[in-house]
Amino acid sequence: MASVILYYAHPGQRYSRVNRHMFQAASALTDITVVDLYAEYPRFDINIDREQERLRNHDVIVLQFPLFWYSTPSLVKEWIDLVFEHGFAYGAGGTALSGKVLQLAITAAGPEDAYTDIGYQRHGLLTFLTPLQQTARLCHMRFAPPYVLYGALHTEQHDAANEQAEPTSTSANHIAGFTGLLAALRDDQYSVDKDASHIVQAQHLRSVAAANKGDQTHG
Amino acid sequence: MGSFLLLAFVFLIAGVIAVPIASKLGLGSVLGYLIAGIVISPLLVTLQVDVVSLQHFAEFGVVMMLFLVGLELEPRLLWQMKARLLGLGGLQVLVTTALVMGAALAIGQVWSVALATGLVLALSSTAIVLQTLNEKGLLKCDGGQGAFSILLFQDIAVIPMLALIPLLALPELSDVAVGDDHGGHGFIETLAGWQRTVLTLAAIAAVIIGGSYLTRPVFRFIAVAKLRELFVATALLMVIGIALLMSFVGLSPALGTFLAGVVLANSEYRHELESDIEPFKGLLLGLFFMTVGAGINFALLFDNVGFIVGLTVGLMLIKFTVVWVLGGFFKVTGANRWLMALSLAQAGEFGFVLLSFTVANAVIPQAFADQLLLVVALSMLLTPLLFIVYDRVIVPRSAVVQSREADTIDTPGTVIVAGHGRFGGIINRLLLGAGVSTVVLDHSSAQLELLRTFDVKVFFGDATRPDLLHAAGIESAAMLVIAIDDREQTTGLVQYVHHNFPHIHIVTRAFDRTHVYELYAAGANDIIREYFDSAVRAGRSALEGLGYHPYDAELKAQEFVEHDKYMLRTVAPLYRADVPLSENTEYVDKVKELGAIQRQRMLGRQGSMSSRSARGWVPPTQKDVPKNQ
């Protein structure tokens, strides 16, 4: 059993059904600590000591956020700025995070083909995430392959248009994949041996989710 | 005098014993009163009490009830519900009346008697149904809402019924009709037809215009005396005055007070009036139901058991079927449809009122009315059984309908804001701006006048009075914000509300540090020191004015707030309500000690600080970064 903490950060959570549902589904899992970062620090008054204590007590740190300006929402940046202190996370004596796993769960508005050398974003998504990857390395953490939902805006609009209907299979799969991934991390059934060189999407997790949920099906 | 006291004692003790027992058994207060009346009826006979004239007196409770129904009917609310109100409610009354009338004709009644019977039995029991739905928390679901619109329509439909019923009078009964207090009175009979019409219209106009323009100055005048009983006296005076005026021109007093209620529904004195009249209405209606119970003719019931029970079951079947079918047309589905149809299958308390009214107006013969009275009472007695059927049979089979995912952010409940001065005013504006519905109470009529000129909606009333909180809807409110300008009253209010309505979230204004401790002990959820935040902002402005970089000033302010909160929490256990602060040496020493630490920290003399001003990015060197793996 690994102890998992999920940090959810979305400044416009009212407008993102996918992220909200991901967080709600994750909150229903047992033995996982969940934190809604914007709810806990709406005025950006981060309690550094408490956050460091939280990080010490967990083996897997999951950050769930939408991609804003090819980066994290600003509170996540402030949180890293303050909590990942010299002497705590890196530098002399900074070994508190050593060996822990950093798992990102990102929703990106653009479609998958936009994040390629020839797509309109001009780079693969992993390229935009290199600052976080290097952050993990500086803190001696293992950077797990980010779990990504592409085309989140499209999915969102589709879901909003069918308010009463069930969520689309895309978002439903992504949510199911997310909880499956969290459960696998918790139960030591998902190995992160070395730094990530690829992105993971819901369809790649078929086996993981199936192993955990038994009868779970993915369309 | 002695016999009056004895009579009052008999009725009061019967009610006080029977109603709580009935409520406990899930029968509701109306049945409790009826049963109390049945129980004391032999005693009343021995005491030679004139139950009929007592009942006429108690009918004034119905007049008050309609006044209160009117007060609840904001025109805007009516407009929102118009489709269901008119469609569902209107069709229910029309179709049920027609079917019951048909049934009455079938058992050999004259058409006018049959029609009056249809009208009387079409109504359901607002008192029982609303009470029960409320207790079970079903009022907000679709079926509950549907039932509510039907009941509301029925309550309003009583008014035209009261006007219609005298027209159905049977000539052969008119001679023996007794106690006709709704017919014309001496003076008006002497006038010509057009004069009478003019006088009637003038009376209605007087109620509407007086209600709109006179209440405010009158209440402002009364408020000067600051006497609770004067408000009660004025409210009673108003209701009785209108009733008198209406009887004088030959209209129904209930119609007049209902109209006055609607006119005053938008007034800032609405909650005050409601809480003043409510107890009188409750007592008089209770008395009314007891007299109905006392008047039940058991000999008649036992002689015709099969017939009466048959009529009752038939009536409930008709009423159930009508609502069930209509529910389909108005897209009320599943368990909600069952709930609506089952809950409205009985006849109601207005049935009693209309029955005694029809007898007084020589519309229905006494003998048949007595039988109908039994039918109404029996159907009410059976209502709790129908709710049990719903709970035990319907709900378990349709659990799917109930559990829709809790996804959408529900509109939060109403917030009651106590006090609309410098503090409460800002809170109210912020809440309204966020789309939250608020009920604002303020007891200064001068403040009220001022706010009215700015179109701010505030109700007159002292929020520290439990009955006013009740009238403002504290039972169903989600939150209470206390912004009144009195330290002791604030604490008292927190204690009262926390004790009686523990589910309500209390946000309160505190005067100072020690008041925070008192309020915390009293059960407040959020305690805001009234000058703290603005003082911190002023301090930050001072730093900026002295040339501090604005962001440094902000960080200093944040750090100060952080430490002050810490201090507040740390010294809280040392606070003692019975010892003056300056004599509580333990407390004083701790505050001094923590204050010194804070000054040192903020000056940066100690290494570790708990805020951003000293903690942040330190660039790593090459040796900090691990080699490639």
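The structure is a predicted model, in which local features need pLDDT of at least 70, side-chain atom pairs count only at pLDDT 80 or more, and totals for chains, interfaces and linings use all residues. Residues are numbered from 1 along each chain as its sequence is written, chains are lettered from A in the order in which they are written, and side-chain values use heavy atoms, leaving out hydrogens and water.

**The domains**
- Chain B is assigned domain 1 (7–394), domain 2 (413–530) and domain 3 (531–608), with bounds from an automatic or database domain assignment.
- Between domain 2 of chain B and domain 3 of chain B, the C-alpha centres are 28 Å apart.

**The area they share**
- About 1,000 Å² is buried between domain 2 of chain B and domain 3 of chain B, and carbon and sulfur atoms give 55% of it; buried area is the accessible area (1.4 Å probe) that two parts lose on being put together, summed over both.
- On the domain 2 side, B:Arg513, B:Tyr517 and B:Arg529 lose the most area to domain 3 of chain B, together 60% of what that side buries.
- Nine residues of domain 2 of chain B touch 11 residues of domain 3 of chain B, where contact means heavy atoms within 4.5 Å.

**Salt bridges**
- The rule finds two salt bridges across this interface of domain 2 and domain 3 of chain B, each a side-chain nitrogen of Lys or Arg within 4 Å of a carboxyl oxygen of Asp or Glu.
- B:Arg513 forms a salt bridge with B:Asp564, at 3.0 Å from N to O.
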